[in-house]
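Please look over the sequence and the model below before reading on.

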Amino acid sequence: MSEGQAWMVWLGVALVLVAIETVTVDFTFLMLAGGAAGGAIAAAFGLPPVLQAIVGGLVAVALLALGRPWLKKRFTATTPAQIMGAAANVGRSAIAIDRVNPAGGQVKLAGETWSARTRGDDIEPGEEVVVDSIEGATAIVRRAHVVGS
């Protein structure tokens, strides 16, 4: 192989590393491919093979140290956990259907009729309430505080 074609070897190595990256999706082989691309550029400028390897290694190490953590953070961002089921109703407002007190009652919550009770207050039909917790199939509610009252 002549020195004028060394850049093609580096480029071939880079392409193989990119192909491996498509299987692993860990950004490690992508950073190594970047190092091989650095070696290809060094070869294209006519640097001797030892310097090509040094440039390739330095670029790869720099990309692994700086680029990979940023990419991992960017592409593996997590979404907050979705609360599902009855627990998703905690904090929601509802409307009392009939009188709700510590002994029981009913509220309209998320379009459904729920058994409800309070921890002390009596709540009249039509009043807005807030769900504090869910105990089994019963919503534990309190009177919603209306601004200005």
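This is a predicted model: local features need pLDDT of at least 70, side-chain atom pairs count only at pLDDT 80 or more; totals for chains, interfaces and linings use all residues.

## Overall picture

Residues are numbered from 1 along each chain as its sequence is written, and side-chain values use heavy atoms, with hydrogens and water left out.

The protein chain holds 3 helices and 5 strands, taken as DSSP runs numbered from the N terminus (helices are H or I with at least four residues, strands are E with at least two), and along the sequence these follow the pattern α-α-α-β-β-β-β-β. Of the contacts in the protein chain (heavy atoms within 4.5 Å) with a separation of 6 or more, 39% are between residues 24 or more positions apart.

## The α2 and α3 pair

Two packed helices are described by the angle between their axes and the distance between the axes. The axes of helix α2 (residues 28–44) and helix α3 (residues 49–75) come within 7 Å and cross at roughly 145°, where axes are lines fitted to C-alpha atoms over the stretch in contact and angles run from 0 to 180 degrees between N-to-C directions. Residues in this contact include G34, G35, G38 and G39 of α2 and G56, A60 and G67 of α3.

## Single residues

T118 is found in strand β3 (residues 112–118). The side chain of T118 reaches the backbone oxygen of D121 at 2.6 Å, a polar contact (a pair of N or O atoms within 3.5 Å; within protein, one must be able to donate a hydrogen and the other to accept it, and residues adjacent in sequence count only if both atoms are side-chain atoms). Leaving aside residues up to four places away in sequence, T118 touches V100, N101, P102, I123 and V141.

F27 lies in the loop between α1 (6–24) and α2, and phi of F27 is near 70°, a positive value in a residue other than glycine. A110 belongs to the loop between β2 (106–109) and β3, and has a positive phi of about 55° although it is not a glycine.

| Residue | Relative accessible area | Class |
|---|---|---|
| T118 | 3% | buried |
| F27 | 13% | buried |
| A110 | 48% | partly exposed |

Conventions:
Buried means under 20% relative accessible area, exposed over 50%, partly exposed in between (1.4 Å probe, protein chains only).
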